[in-house]
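This report describes the two chains in turn, then their contact and one selected site. Please consult the sequence and the coordinates alongside the text.

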Amino acid sequence: MKQELYNYILGIADNSLILGQRLGELTGHGPTLETDIACTNISLDLFGQVRSYFQYAAKIAGDGRTEDDIAMLRKEREYVNVLLVEQPNTNFAYTMARQFLFDVYHLAFLSELEKSKDLTLSAIAKKCIKEVRYHERFSSDWIKRLGDGTEESKAKMQEAINDLWTYTDELFHQTEADIAMVSEGIGVDVTKLKDGYYKYVNEVLETATLEIPESKYFQKGGKKGIHTEHLGYLLTELQYMQRTYPNMEW
Amino acid sequence: MSEEQIKNLEKQFEERIARDEKIEPKDWMPEKYRKTHIRQMSQHAHSEIVGMLPEGNWITRAPSLRRKVALLAKVQDEAGHGLYLYSATETLGISRDEMYEQLHTGKAKYSSIFNYPTVTWADMGAIGWLVDGAAIINQVPLCNTSYGPYARAMIRVCKEESFHQRQGYEIMMKLANGTPEQKEMAQDALNRWWWPSLMMLGPTDAESIHTEQSMKWKLKRKSNDDLRQQFIDQTVPQADLIGLTIPDPDLKWNEERQSYDFGDIDWDEFWQVVKGHGPMNKERMKARVGAWEVGEWVRDAAMAYADKKQERKEKQVV
C-alpha cells in the first residue's frame with residue numbers, strides 16, 4: 001500500500017514536473033510580454049504543485065529521500081509522466097496545444113482527486129484546482145485565437161493538434177498503482193474521465209474552427225517509463241546541478 | 001503659442017516640481033522633459049526585459065525545486081516590471097511597439113550589466129545580491145521622482161527588488177557556507193560581477209552628460225559617484241559577513257571619510273560594453289529580436305481574432 005501510494009503520487013507529480021520544466025525553457029522568449037508572464041506563471045504553479053506532491057512522497061518513503069532527490073535523481077526509465085507533457089516547444093502553437101490537451105485532463109482529474117479519502121492528496125487537489133482552472137482558460141483561449149485567427153495560425157494550430165493528438169489516449173490508461181489506489185478510494189479512475197474529455201476538447205476545437213483529428217492510432221509508454229527521445233535531454237538539464245555536485249545543499 | 005507663453009509655462013512647470021508636486025500625463029510639460037523621460041523610462045523597461053535572459057538561462061538547471069520556484073518568480077517579477085514601466089512610458093505618447101523598435105535597432109539602450117554571461121549557478125546569487133543591490137540604490141530615489149506614473153511604478157518595483165536582493169544574498173550565503181567547491185563558486189561569481197556592478201551606477205560625474213538636468217527634475221537625486229560609494233559601503237560588510245573577498249586589492253576603510261576607498265574602475269571595458277561590444281551584447285539582442293520575429297504570427301492571429309470577435313458582436317447587435 002505504501003509503495004503503491006508513493007508510485008501513485010509520482011504518476012501525478014511527474015506530469016507537472018516535466019510540463020513545468022518545458023514551460024520554464026520559454027521564459028524571456030515569448031511572443032508577447034503578457035504570454036511570457038503567463039507561461040512562466042503556469043510553470044511556477046506546476047512546480048509549486050510538484051513540491052507539495054514530492055514532499056508528501058518523501059514523507060511516505062520515509063528513507064531520507066528529499067523532494068529534490070525524487071524530482072532530480074531518478075533515471076529516465078523511472079519517470080512516469082505521460083508522453084504528451086515531454087513534447088518539445090516546437091512553436092507557440094505546439095506549446096499551447098500541449099498545454100490545452102493536458103489542462104483539460106488535469107482539471108477533470110483534480111476535480112475527482114479532491115474527493116480522495118487521502119486527506120493530503122485531497123487538500124493538494126483543492127489548492128491546485130484553482131490554478132489549473134486558470135491554466136485551462138488561458139490555453140483554451142489561445143486554441144481559439146490561433147485556430148480562428150489568421151490562415152497561418154490556423155494551419156500551425158491544426159498541425160500541432162494533429163501531431164499531439166496521438167498522445168492523448170495515454171492520459172486515460174490505468175497503471176497498477178492507479179488500480180490499487182482506486183480500490184482504496186484514494187485514486188481517481190481515469191478511464192471514467194475519457195468521454196467527458198474528448199467531448200469538451202472537441203467542442204473547443206469546433207469553436208476554434210479546427211478539425212478534430214480522425215486518427216485512431218495512439219502512442220503510449222510514458223506511464224511505464226518508456227519515453228520519447230525528447231525526455232533524456234530535458235532530464236539532463238533538470239538534473240545537471242544535482243548530478244554534477246552530489247550531496248550538497250543549495 | 002508665443003515664446004513668452006511657453007517660457008511662462010516652463011516657469012510654472014519648474015515651480016511645481018520644486019514644490020514636489022507630481023506631473024501627470026495630461027499636464028503640460030516641456031518637450032525635453034517628455035523626451036528625457038521616454039528615454040530613461042523605456043531604457044529602464046528594456047533593462048527589465050533583457051535582464052530576464054541571463055537569469056532565465058538557469059531556470060531549467062536550478063539546483064533544487066525551491067530555488068527553481070524562486071527563480072521563476074523572480075524572472076516573472078522582472079517581466080511584470082517591464083510591463084508596467086512600458087505602460088507608464090506609454091502615457092508620454094509612445095507605443096510599446098515603437099519602444100521595442102528602438103530596442104531592436106539599437107537606438108535605445110538597456111543596462112549593460114546584462115551583457116555579461118551567467119556561467120554558474122552562483123551567478124544567480126551574485127546578480128540578486130549585487131546587480132539588484134546596485135539597481136535599488138539607483139531606483140529608490142525614483143520613488144519620489146517628479147513624473148507621477150514613473151514614481152508610482154517605482155514604488156512597487158523597489159519593493160520587489162529588495163526582496164530579490166535578499167534572495168540573491170541568501171543564495172550566496174548558502175554557497176559560502178557550503179562545501180569548498182560551493183564556496184569557490186560563490187567567490188568566482190563575486191570576482192566576475194563586482195566590477196560590472198560598480199559600473200552599473202554610471203560613468204563618473206565628470207563624464208556623465210545628463211546629470212544636471214535630471215537632478216532638477218528629480219530623475220536623479222545623487223550623483224553617480226555618490227551612489228557608487230553608497231553601494232560599496234553597504235556591500236563590503238555583507239561580503240565580510242559571509243567570508244567572501246571583494247576582488248579589489250585597493251579596497252580600504254578610510255576612517256576620515258567614514259567610507260571605503262576603492263581601486264580604479266576599468267572605464268575602457270565599460271564603454272566597450274555600452275557601445276555594443278560586451279561578451280553577450282549580440283546574443284541578447286538576437287534573443288530579443290528573435291522572440292519578436294518568431295512571435296509575429298501569434299500577435300497577428302490575436303489581432304485578427306479580436307477583430308472577428310468584434311465584428312460578430314456588432315452583427316449581433318444589429
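A residue is called buried when its relative accessible area is under 20%. By that criterion, buried residues make up 53% of the 318 residues in chain B. The structure discussed here is a predicted model.

**Chain B**

Chain B contains 13 helices and 2 strands. Its C-alpha trace spans about 75 × 50 × 30 Å along the principal axes. A compact globule of 318 residues would have a radius of gyration near 20 Å, and the 22 Å of chain B agrees with this expectation. Among the contacts in chain B with a separation of 6 or more, 76% join residues 24 or more positions apart. The chain carries 44 positive and 49 negative charges, whose mean positions are 6 Å apart.

**Chain A**

Chain A has 10 helices and 0 strands. For a compact globule of 250 residues the radius of gyration would be near 18 Å, and chain A, at 18 Å, agrees. The C-alpha atoms of chain A fill a box of roughly 55 × 40 × 30 Å along the principal axes. Of the contacts in chain A with a separation of 6 or more, 79% are between residues 24 or more positions apart. Chain A has 28 positive and 39 negative side chains, and the centres of these two sets lie 5 Å apart.

The table lists the surface of each chain.

| Chain | Accessible surface | Share from carbon and sulfur atoms |
|---|---|---|
| Chain A | about 10500 Å² | 50% |
| Chain B | about 15100 Å² | 53% |

Buried residues account for 60% of the 250 residues in chain A.

**Contact between the chains**

The contact involves 49 residues from chain A and 48 residues from chain B. The area buried between chain A and chain B is about 4100 Å², and carbon and sulfur atoms give 69% of that area. On the side of chain A, Leu33(A), Leu44(A) and Trp250(A) supply 18% of the area that this chain buries against chain B, more than any other three residues.

**The site at His227(A)**

His227(A) lies in the loop between helix 9 (194-207) and helix 10 (230-244) of chain A. His227(A) counts as buried because its relative accessibility is 16%, and the limit for that class is under 20%. Leaving aside residues up to four places away in sequence, His227(A) touches Glu76(A), Tyr79(A), Val80(A), Asn81(A), Leu83(A), Glu86(A) and Gly222(A). From His227(A) to Glu249(A) the separation is 22 residues in sequence and 30 Å in space, C-alpha to C-alpha.

Definitions and conventions: Residues numbered from 1 in each chain as written. Chains lettered and ligands numbered in written order. Predicted model: local features only at pLDDT ≥ 70, side-chain atom pairs only at ≥ 80, totals over all residues. Heavy atoms only, no water. Helix = DSSP H or I, 4+ residues; strand = E, 2+ residues; numbered from the N terminus. Rg over C-alpha atoms; globule rule 2.2 N^0.38 Å. Buried < 20%, exposed > 50% of the residue type's maximum accessible area, 1.4 Å probe, protein only. Contact = heavy atoms within 4.5 Å. Areas by Shrake-Rupley, 256 points an atom, 1.4 Å probe, with all protein chains shown as cover. Lys, Arg positive; Asp, Glu negative; His and termini not counted. Charge placed at Lys NZ, Arg CZ, Asp CG, Glu CD. Buried area = accessible area lost by both parts, 1.4 Å probe.
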